Amino acid sequence: MLLYLLIVFLLQRLAAGQNVSGSGDDSGNCLCKVILPDNTFPMHRMESLEFTAYHLNVSVQQELAEIQSYRSSFNLYLQRLQNLTRRVEAMELGGVSYTELDFELLKAEMREMESLVTQLRASMDGSNVIVETLYTEIKNISLMVNQLESYDKNNVLAVRREIVALQKRLKDCETNQGKASPSPPTYGTCDHGGLTNVSKPFVVQLNWRGFSFKYGGWGKDAYTEAPNKNMYWVAPLNEDARMMESFRRYQSYDDLLLYKTPTDKSLSRFNSYSYDYSSCGQGGGMIAFNNSLYYNCYNSRDMCKLNLETSALERKTLANAAFNNRFSYAAVTWQDIDFVADEEGLWVLYSTEASAGNIIIGKLNSSLFVENSWTTTQYKPGMTNAFMICGVLYATRPVNTRREEIFYKYDTKTSKEGKLSIMLDKMMETVQSLSYNPNDQKLYMYNDGYQVTYDTNFSPDTSHS
């Protein structure tokens, strides 16, 4: 390369008419002497310039690729920002109660978008007006979400709904002014016209064995003449959702809430080299009545009656009853035999092969003898649970994951059945057991491991009017 430049330089000098001095050697060859100027061609600077230009081109291409990526992300997050704006506006105007999780998701999305826009601002030195506008808008939306969360925590929307409900009740009072209002029914009696409504659920607590024990039952003594009507029992099934191997009692509601001074009872026995489970229970259909716990004996169609004071156990076979998960309730297993109680005493709900799975109502006496029975037309696996009030069977079925419907009733006094629709909210999806207690007129639900109660409302008694 250097030789080529030298030749070019010589030719340029000759073309310019400049003389070049020379001399001859002994062989007659001509020798030329050229004196190059001091300002030689800057070859090293040329190579450095080429190297710099190459790397600059690579950097430009990388920056262009990043800008294209930012443009795609910008369009994506602009669309997400528009969606967020619509969601926030809906939260402002919709009058809907939102959970803490809803706000956390919104805030997480806002933090992600704010981080991206901060990166865009840094890469563009804050010189892009669109990015600055977007950054300001995201900040405003974040502030609005925080305000909405605080607004919702103050339960303003809930208060408004309660005010509307109170206004309606006031209007009803004005309409019915002058009419005699029915006195509340006396606990343990049937001076009413039947179930008309159920309150919102009240979650007492999670069962004492923990969240993994989703199946079981709970309540308090349902005998109207019980010496201790405030004795509570809790019986979670083992994690197999089948066996009741133990249960716990509390002497008061405060003890129940505080897990204080419980009395635990184990039903399995260790004999020689193995455990005996014959005294254990099966399914969530147990109930406490007159200081005894009634339940389906394990792996049989027998009814068990365990005295809570003496631990004496009686058992009697429920003739022809299907068992071992043949006709259990929908969504729960092993509850073929279900014990319930009301103002009129103790009952057992079951099915037989002869009834084709339709539920049978059996009236029990203290000796586990079925005094009378009624066969309904309601298929037992088509209902989620059932309970008795004043000799009337009420059955439930699911509406969705958060609501049940009391849809069917059967009156044992008239042998008549009918349809109704009373909605019953639930905290969790599955109803493992449901029973009524005449001593406080509450429903006791075991709901995916949680102990829940409901108040009941009845229509006035019109039979004597």
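This is a predicted model: local features need pLDDT of at least 70, side-chain atom pairs count only at pLDDT 80 or more; totals for chains, interfaces and linings use all residues.
Reader: Is D455 buried, partly exposed or exposed?

Author: Buried means under 20% relative accessible area, and exposed means over 50%. D455 has a relative accessible area of 36%. That value makes D455 partly exposed.

Reader: And what is the relative accessibility of K442?

Author: K442 counts as partly exposed. Its relative accessibility is 24%.

Reader: How many salt bridges does the structure hold?

Author: The pair D455 and K442 forms a salt bridge. R249 and E309 form a salt bridge too. The number in the structure is 13.

Reader: How far apart are the closest N and O atoms of R249 and E309?

Author: The cut-off for a salt bridge is 4 Å. R249 and E309 form a salt bridge. Their closest N and O atoms are separated by 3.7 Å.

Reader: How many residues apart are R249 and E309?

Author: R249 sits in strand β8, residues 246-250. E309 sits in the loop between β15 (302-307) and β16 (313-317). The pair links distant parts of the chain, with a separation of 60 residues.

Reader: Which residue meets D276 in a salt bridge?

Author: D276 counts as partly exposed at 21% relative accessibility. The N to O distance in its salt bridge is 3.0 Å. The partner of D276 is R269.

Reader: Which residue is linked with K200 and R403 in a network of salt bridges?

Author: K200 and R403 carry the nitrogens, since a bridge takes its side-chain nitrogen from Lys or Arg. The carboxyl oxygen comes from Asp or Glu. The residue linked with K200 and R403 is D425.

Reader: How much space lies in the largest pocket?

Author: The largest pocket has a computed volume. Its space is about 420 Å³.

Reader: How many residues line the largest pocket?

Author: Closest to the centre of the largest pocket are G193, G194, V392, Y394 and D411. The lining residues number 22.

Reader: Which element supplies the largest share of the lining of the largest pocket?

Author: β22 (392-400), β23 (403-411) and β24 (416-425) each supply at least two lining residues. The largest share is four residues. Those four come from β24.

Reader: How many residues of the lining are charged?

Author: Nine residues of the lining are nonpolar. Seven are polar. The number of charged residues is six.

Reader: Where does the largest share of the nonpolar patch come from?

Author: F202, Y253, L257 and L258 form this surface patch, with about 380 Å² of accessible area together. F202 lies in strand β4, residues 202-206. The largest share, three residues, comes from helix α6.

Reader: How far apart in space are Y444 and K220, C-alpha to C-alpha?

Author: Y444 lies in strand β26. Y444 is buried, with a relative accessible area of 3%. Y444 and K220 are 224 residues apart in sequence, and their C-alpha to C-alpha distance is 8.8 Å.

Reader: What is the phi of D448?

Author: Most residues other than glycine have a negative phi. D448 is not a glycine, yet its phi is positive. D448 lies in the loop between β26 and β27. The phi of D448 is about 50 degrees.

Reader: Where is N290 found?

Author: N290 has a positive phi, near 55 degrees. At 38% relative accessibility, N290 counts as partly exposed. N290 is found in the loop between β13 (287-289) and β14 (292-296).

Notes: Residues are numbered from 1 along each chain as its sequence is written. Side-chain values use heavy atoms; hydrogens and water are left out. Buried means under 20% relative accessible area, exposed over 50%, partly exposed in between (1.4 Å probe, protein chains only). On a 1 Å grid over the protein atoms alone, a cavity is a set of points where a 1.4 Å probe fits but cannot get out, and a pocket is an open set with protein on both sides within 12 Å along at least five of seven lines; lining residues have an atom within 4 Å of a point. Grid points are joined across faces, edges and corners, and a volume is the space filled by probe spheres set on the points. Ala, Val, Leu, Ile, Met, Phe, Trp, Tyr, Cys and Pro count as nonpolar, Asp, Glu, Lys and Arg as charged, and the others, Gly among them, as polar. Patches are made of residues with over 30% relative accessible area and no salt bridge: like charges are joined within 9 Å, nonpolar side chains (Val, Leu, Ile, Met, Phe, Trp, Tyr) within 5 Å. Accessible areas come from the Shrake-Rupley method with a 1.4 Å probe; for residues, only the protein chains shown count as cover.
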